[in-house]
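Here is a friendly briefing to read alongside the model. Have the sequence and the 3D view open as you go.

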Amino acid sequence: MAAAGGRLRALVRVLRHRSAVRRLLELDDRALKDIGLLRGDVLGVLARPLSSDPSAFLLVRAVERRAAGRAPATARQPVGRQRCRV
């Protein structure tokens, strides 16, 4: 019985998190960018199975994007482009 209760609590938590993630779609693209997300990130996690917690995936994506934004400029350049040195 305790295992069933734990699974039910986990399901309720995931459903609450999915509801919160759906509310992110009400934000404009600029506001999403401010928190390190793109609209496609939000839509992508909502397309995942109901059993997965979308907030965890969004947290990872936002942290990755912020870390990439802090990388040195030379590290962010696309492969194949050369820097012009004067």
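The points below cover the nonpolar core and then the helices around it. Please keep in mind that this is a predicted model.

**The nonpolar core**
- The largest nonpolar core is made up of nine residues: Val21, Leu24, Leu32, Leu37, Val42, Val45, Leu46, Leu58 and Ala62.
- Two or more of these residues come from each of α1 (2–24), α3 (39–46) and α4 (54–69).
- The element that gives the most to this core is α3, with three residues.
- As general background, nonpolar side chains tend to be buried together in soluble globular proteins.
- Ala62, one of the core residues, touches Ile35, Gly36 and Leu37, leaving aside residues up to four places away in sequence.

**Helix α3**
- The buried residues in α3 are Asp41, Val42, Val45 and Leu46.
- These residues lie on the same side of α3 because they cover an arc of only 130° around the axis.
- Among the elements that cover the buried residues of α3 are α1, α2 (29–34) and α4.

**Helix α1**
- In α1, the buried residues are Val14, Arg18, Val21 and Leu24.
- Val21 and Leu24 also belong to the largest nonpolar core.
- The cover over the buried residues of α1 includes α2, α3 and α4.
- What span should α1 have, given its 23 residues? At 1.5 Å a residue, α1 should span 33 Å, and its end C-alpha atoms are 34 Å apart, so the two values agree.

Note on methods
Residues numbered from 1 in each chain as written. Predicted model: local features only at pLDDT ≥ 70, side-chain atom pairs only at ≥ 80, totals over all residues. Heavy atoms only, no water. Core = buried A, V, L, I, M, F, W, Y, C linked by side-chain atoms within 4.5 Å. Buried < 20%, exposed > 50% of the residue type's maximum accessible area, 1.4 Å probe, protein only. Helix = DSSP H or I, 4+ residues; strand = E, 2+ residues; numbered from the N terminus. Contact = heavy atoms within 4.5 Å. Arc of directions from axis to C-beta. Expected span 1.5 Å × (residues − 1).
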